[in-house]
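Let's take a tour of a protein together. Have a look at the model below before reading on.

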Amino acid sequence: MNQYDLIIVGAGPAGIFAALEIVKMQIPIRILLLEKGMELDQRKSLICGWGGSGAYSDGKLTLTPEIGGYLKDLLGYEEAAKLIAYVDQIYIDYGAPKEVFGEDEDSTGELAHKAALANLRYIPARIRHLGTDNCTEILRKFRTTLNPHVDIFTDRPVARILTENGKVLGVETVNGESFTCDYLVVAPGREGASWLVEEWKRLDLTMARNPVDIGVRVEVPAAVLEPLTNVSFEAKLEYFSKSFDDRVRTFCMCPYGVVVMEGSDGVTTVNGHSYANRRTENSNFAILVSTRFTDPFREPITYGRYIARLANLLSGGVIIQRLGDLEAGRRSTDDRIAHSIVRPTLKEATPGDLSFVLPYRYLTDILEMLKALDQLAPGVASRHTLLYGLEVKFYSSRPKLSAQLETEITNLFAIGDGAGITRGLMQASACGVAVAREISRRISG
Ligand SMILES: Cc1cc2nc3c(=O)[nH]c(=O)nc-3n(C[C@H](O)[C@H](O)[C@H](O)COP(=O)(O)OP(=O)(O)OC[C@H]3O[C@@H](n4cnc5c(N)ncnc54)[C@H](O)[C@@H]3O)c2cc1C
């Protein structure tokens with residue numbers, strides 16, 4: 001039978017938590033979870049398959065609504081904070097470590113003070129770190145909980161959202177199978193963001209405009225970043241550039257971690273993560289520049305992809321450059337990289353010149369931020385520092401959503417990174433819980 005009460009598209013944290021919450025509430029409904037990628041043990045993609053981008057993520061759970069999405073704007077700060085605390089407890093119940101970083105107010109206060117002297121704003125954040133190895137284990141356990149209650153089909157990409165008279169009807173897969181439902185939750189993450197935009201256009205939904213963040217991943221000896229990472233596992237720092245007044249920020253700090261390549265929709269970008277049980281000699285983080293565009297331009301994702309593709313075109317993938325080479329106006333070569341005291345953890349990156357890729361505005365903002373950071377963590381702006389490009393983060397295009405995360409189509413909910421409302425594990429998981437509760441409320445009448 002292809003008829004369900006609830007269909008969830010995408011088995012990332014958002015989709016999984018929606019299913020978990022319904023199962024937890026013991027609502028006797030037929031649920032189908034459709035995932036484009038493969039099972040956990042068979043998947044090769046970093047962002048596609050059981051667990052979504054969460055599977056091989058660094059597993060830093062950011063325990064504040066200030067970071068990782070727009071939930072506080074959509075649901076209100078209090079509600080977002082409550083959901084985050086609730087989801088955090090579920091991660092703990094499934095095996096997340098008890099330790100939380102960033103709780104020592106003396107040292108975070110001192111860091112905030114030093115940051116202010118360097119023209120930086122420190123955003124305090126409590127963080128629980130799962131580590132990539134724990135993420136897969138927890139995802140396996142989620143699957144065990146869901147198996148008896150939810151029909152889960154992997155390797156089953158959804159092609160179309162079906163609607164009738166402004167109400168959701170179901171979905172059609174790429175293979176042409178149709179499934180009907182009363183409630184549809186779409187949570188396709190970054191992997192499905194472009195597909196979703198096309199669907200929103202086809203369904204003629206009103207769109208909100210999100211910013212695009214473009215930058216580089218920075219790799220330094222772990223010792224250099226310790227003044228930050230010893231205080232807070234991930235130090236969130238924000239800077240407004242002198243040259244352009246652009247918002248520039250640190251993102252996804254990975255102490256003792258590795259830099260990795262990430263492929264999505266034919267574009268290769270860079271990312272990073274750390275393991276809970278394995279350390280490298282380096283730490284890495286991203287510096288991202290956020291820009292909002294004005295009318296008539298409406299394609300921030302296309303813009304971000306276009307710039308990332310330039311790096312791919314020049315290098316076949318990811319470019320690596322020593323900061324000293326960038327400042328001296330020359331490309332890095334294998335020999336020059338070998339002279340750096342930082343041994344790159346991403347071996348596949350090609351030495352090159354990021355100034356051929358990044359527009360002047362971005363390059364200037366990034367160099368300014370590195371200089372400011374150097375005052376907090378001396379050595380960050382050393383000539384040996386390695387820069388990998390590009391790192392591009394989109395909030396995917398966001399349809400107009402109600403406070404229940406419902407689109408303009410009745411009973412069609414859009415959540416997680418793919419819907420453009422989150423950009424991290426915690427908020428993605430939290431919005432899954434929020435829609436599950438709303439659906440249960442409607443079902444219970
Ligand atoms: C390397 C890496 C490290 C990260 N580290 C962290 C971190 O430390 N802390 C943090 O908070 N966040 C981190 N993130 C981000 C985090 O993983 C995401 O924010 C989160 O997973 C988003 O959850 P989601 O459920 O919205 O989407 P996703 O996790 O992306 O899952 C979406 C799923 O939907 C599937 N899908 C797509 N299209 C379709 C379709 N048409 N039909 C069916 N299924 C479809 C995809 O295959 C995917 O499995 C990291 C991400 C990466 C890639």
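What follows is a short walk through this predicted model, from the whole fold down to one residue.

## The big picture

The protein has 12 helices and 21 strands. Its radius of gyration is 22 Å, close to the 22 Å that the globule rule gives for 445 residues, so the protein is as compact as a globular protein of that length. If you boxed up the C-alpha atoms along the principal axes, you'd need roughly 65 × 45 × 40 Å.

Look inside and you'll find that 53% of the 445 residues count as buried. Take the contacts with a separation of 6 or more: 76% of them come from residues 24 or more positions apart.

## Around the ligand

Which residues come closest to the ligand? They are Gly12, Gly52, Gly189, Gly192 and Gly416, part of a shell of 48 residues. By class, that shell holds 19 nonpolar, 20 polar and 9 charged residues.

Several elements each supply at least two shell residues, namely α1, β3, β14, β15 and α12. Domain 1 (3-103 + 125-208 + 398-444) and domain 2 (212-394) both give residues to the shell, so the ligand lies between them.

## Zooming in on Lys72

Now find Lys72 in helix α2, which covers residues 71-75. Is Lys72 buried or partly exposed? Lys72 counts as partly exposed because it has 18 C-beta neighbours inside 10 Å, and a buried residue needs 20 or more.

Leaving out residues up to four places away in sequence, Lys72 touches Pro65, Tyr77 and Ala80. Gln42 is another story: Lys72 and Gln42 are 30 residues apart in sequence, and their C-alpha atoms are 36 Å apart in space.

Definitions and conventions: Residues numbered from 1 in each chain as written. Predicted model: local features only at pLDDT ≥ 70, side-chain atom pairs only at ≥ 80, totals over all residues. Helix = DSSP H or I, 4+ residues; strand = E, 2+ residues; numbered from the N terminus. Rg over C-alpha atoms; globule rule 2.2 N^0.38 Å. Buried ≥ 20, exposed ≤ 12 C-beta atoms within 10 Å, placed from the backbone. Contact = placed C-beta atoms within 7 Å. Near = placed C-beta within 6 Å. Nonpolar A, V, L, I, M, F, W, Y, C, P; charged D, E, K, R; others polar. Domains from an automatic or database assignment.
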